[in-house]
Every structure is written in C-alpha cells, then in structure tokens.
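Q: Could you walk me through this structure? I'm new to this, so please take it slowly.

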Amino acid sequence: MQGKILSPQLISGDDGKRYEYDKNDVINLGNKDLALLTGSQVEFLSFDKRVAKSIYIIAENLNVSSILSADSIRSARLKALWGIGLLFFNFILYIGLLFVNFIQDIWQNIGHIIIIVSFVLYSMAIYSVSKAAASKSLFINYIISVIISFLGIFFVYMLAPSGASDMNAVLSLGTMIALILAIYLYKIHDELAGLSGSSLFLWAFWIFVVSVPFCFLLIMSLGFFVFFLPGFVGLIMAWVLLFIAWWRFGKVEKR
C-alpha cells in the first residue's frame with residue numbers, strides 16, 4: 001500500500017485511513033530526519049487497520065515549511081546556517097558599500113530586511129535545539145541576551161544624541177551592558193558546545209568578544225586601518241568558526 005507521511009508517528013494511506021508507525025520500521029530512513037520528511041510518499045505493509053510496517057520512502061518531500069516547523073537538530077542546523085550565512089553576506093556587502101556611496105542608501109533598506117530574516121532564522125534554530133535537547137536554559141538565556149541587546153541600543157542611542165556633556169557616562173553604561181550581554185552569550189555558546197560536543201562554539205565566542213572592541217575603537221578614533229583590519233578579520237574568523245560548528249552539529253551529545 002502507498003501513502004504519505006503526516007508526522008513522525010502517522011501515515012495517511014491511499015485508502016483514506018491513517019496508520020501509526022515507528023521510525024525503526026522505515027527501511028531506508030538512514031540518517032534522515034522524519035520531522036523534515038512530512039509529505040513524503042511511502043510504501044508500506046499493514047497487518048491491521050492502524051499500524052504500518054516495512055515502510056519504504058519512495059519520494060522525499062523536503063520543503064521549507066517542514067524545515068522551519070520541525071524541532072530537531074537537523075532542522076536547527078539548517079536554520080542556523082541560513083541565518084549566519086545571510087548575516088555574513090549582508091556584513092560583507094555593507095563593508096564594501098562604505099566605499100560606494102551612491103547605492104548605500106538603497107542597500108541599507110534591503111540590509112535591514114536581511115538582518116531581520118537572519119535574526120528570526122537563528123532564533124528559531126536556538127529554539128529548535130532547546131526543544132530537541134530538552135534544555136530549560138538555552139532559549140531563556142538567548143531571549144535574555146536579545147532583550148539586553150535591544151535595551152543597550154535603546155539607552156545608548158537615547159543618551160548619546162541628547163547633548164550630554166559627560167560622554168564617559170554613556171561609555172560606562174554601554175560597557176556595563178556589553179559585559180552583562182557577554183555573560184549570557186557565553187552561557188549560550190558554552191551550552192551549545194556541550195550539546196554538540198564541539199568547542200568551536202566557544203572559540204567563535206571568544207574571537208568575537210576580542211574583535212568587537214577593535215571595531216568600536218574604529219568608530220571612536222581616526223586610526224581606521226589600525227583598528228578596522230584586526231576587528232574585521234576577527235569577526236570573519238568568528239563567523240566562519242560558528243558556521244563550521246553548526247555544520248558539524250549532527251546530534252545532541254550525552255552530558
């Protein structure tokens with residue numbers, strides 16, 4: 001009999017009936033994630049009216065909807081890779097457009113959309129990992145880090161343009177917020193390193209932490225290449241390591 005996968009536990013048969021099944025009965029599943037195969041066509045045997053056995057996938061249907069909705073490590077990896085890739089693409093183009101002023105304004109609007117899409121995809125990836133790993137802290141720490149980031153940007157921008165004579169107060173506030181944010185970012189990457197068994201998550205974090213101050217000093221000084229080059233190279237290294245870490249994230253390691 002033929003049918004279609006409705007979920008990791010349910011098949012809709014061509015006879016109009018629904019059959020429960022176990023993933024161990026899918027003969028050619030291999031390393032594929034059932035959560036991403038919703039809608040795939042299968043052949044199976046049934047010795048009663050509600051259970052499918054000897055299931056064989058004859059036509060995969062890997063679609064965007066199943067990737068975004070699935071709470072699995074494979075789904076999380078794909079969402080994270082797309083999020084990181086889009087953000088990196090936007091960063092490289094933005095740096096290049098600093099020298100091409102006549103299209104900078106046009107790209108900024110597109111860049112904002114890319115940043116939002118990247119943020120949403122990466123947030124979904126973190127949520128999927130927390131669900132797959134049954135972690136109570138990962139997504140909570142991530143949400144806290146996002147809130148701290150937005151509050152930091154809000155307060156610094158509110159104080160800086162106000163004509164405050166004491167710029168040291170603004171810098172002190174920004175530094176304090178950055179340190180608190182760094183603590184939560186460390187917790188996130190430390191847990192990802194533990195869940196994945198890859199220390200690259202922590203390496204990416206530390207390189208990022210070292211590189212950001214160089215980029216900040218670029219803004220606050222005239223020594224463009226003195227601070228820009230190490231900060232720029234460091235950010236690229238951090239992105240590459242984070243991309244590789246997510247690429248290798250195949251399953252949750254036992255802790």
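A: Let's start with a word we will need: a residue is called buried if its relative accessible area is under 20%. By that rule both tyrosine 122 and tryptophan 246 are buried, and please keep in mind throughout that this is a predicted model.

Q: How much of the chain is buried?

A: Buried residues make up 35% of the 255 residues in the chain. The accessible surface of the chain comes to about 15,200 Å², and 68% of that surface belongs to carbon and sulfur atoms.

Q: What secondary structure does the chain have, and in which order?

A: The chain has seven helices and five strands, and from the N terminus on the elements run β-β-β-β-β-α-α-α-α-α-α-α.

Q: Which residues touch the most other members in the largest nonpolar core?

A: The largest nonpolar core has 32 residues, and those touching the most other members are Tyr122, Val129, Leu192, Phe201, Trp246 and Phe249. Helices α2 (73–97), α3 (104–132), α4 (138–159), α5 (167–196), α6 (200–220) and α7 (224–248) each supply at least two residues of this core.

Q: Which helix gives the largest share?

A: That is α7, from which eight residues of this core come. Apart from this core lies another one, of 13 residues, which include Tyr21, Val42, Ala52 and Ile55.

Q: Is phenylalanine 201 buried or exposed?

A: Phenylalanine 201 has 0% relative accessibility, so it counts as buried, and tryptophan 246, also at 0%, counts as buried too. Leaving aside its neighbours within four places in sequence, phenylalanine 201 is in contact with His189, Leu192, Ala193, Ser196, Leu242, Ala245, Trp246 and Phe249.

Q: Which residues do the ring pairs link into a cluster?

A: The ring pairs link Tyr122, Tyr127, Phe139, Tyr142, Phe201, Trp246 and Phe249 into a cluster.

Q: What does serine 123 touch?

A: Not counting residues up to four places away in sequence, serine 123 touches Phe139 and Tyr142. The side chain of serine 123 also makes a polar contact, at 2.8 Å, with the side chain of tyrosine 142. Serine 123 is found in helix α3, and with a relative accessible area of 13% it is buried, because the cut-off is under 20%.

Q: Last one: where does lysine 187 lie?

A: Lysine 187 lies over the face of tyrosine 184, at 4.8 Å from the ring centre.

Note on methods:
Residues are numbered from 1 along each chain as its sequence is written. This is a predicted model: local features need pLDDT of at least 70, side-chain atom pairs count only at pLDDT 80 or more; totals for chains, interfaces and linings use all residues. Side-chain values use heavy atoms; hydrogens and water are left out. A nonpolar core is a set of buried Ala, Val, Leu, Ile, Met, Phe, Trp, Tyr and Cys residues joined through side-chain atoms within 4.5 Å. Buried means under 20% relative accessible area, exposed over 50%, partly exposed in between (1.4 Å probe, protein chains only). Helices (H or I, at least four residues) and strands (E, at least two) are DSSP runs, numbered from the N terminus. Contact means heavy atoms within 4.5 Å. A polar contact is a pair of N or O atoms within 3.5 Å; within protein, one must be able to donate a hydrogen and the other to accept it, and residues adjacent in sequence count only if both atoms are side-chain atoms. Rings of Phe, Tyr and Trp (its six-membered ring) pair if their centres lie within 6.5 Å; planes under 30 degrees apart count as stacked, over 60 as edge-to-face and the rest as tilted. A charge sits over a ring if NZ of Lys or CZ of Arg is within 6 Å of the ring centre and within 35 degrees of the ring normal. Accessible areas come from the Shrake-Rupley method with a 1.4 Å probe; for residues, only the protein chains shown count as cover.
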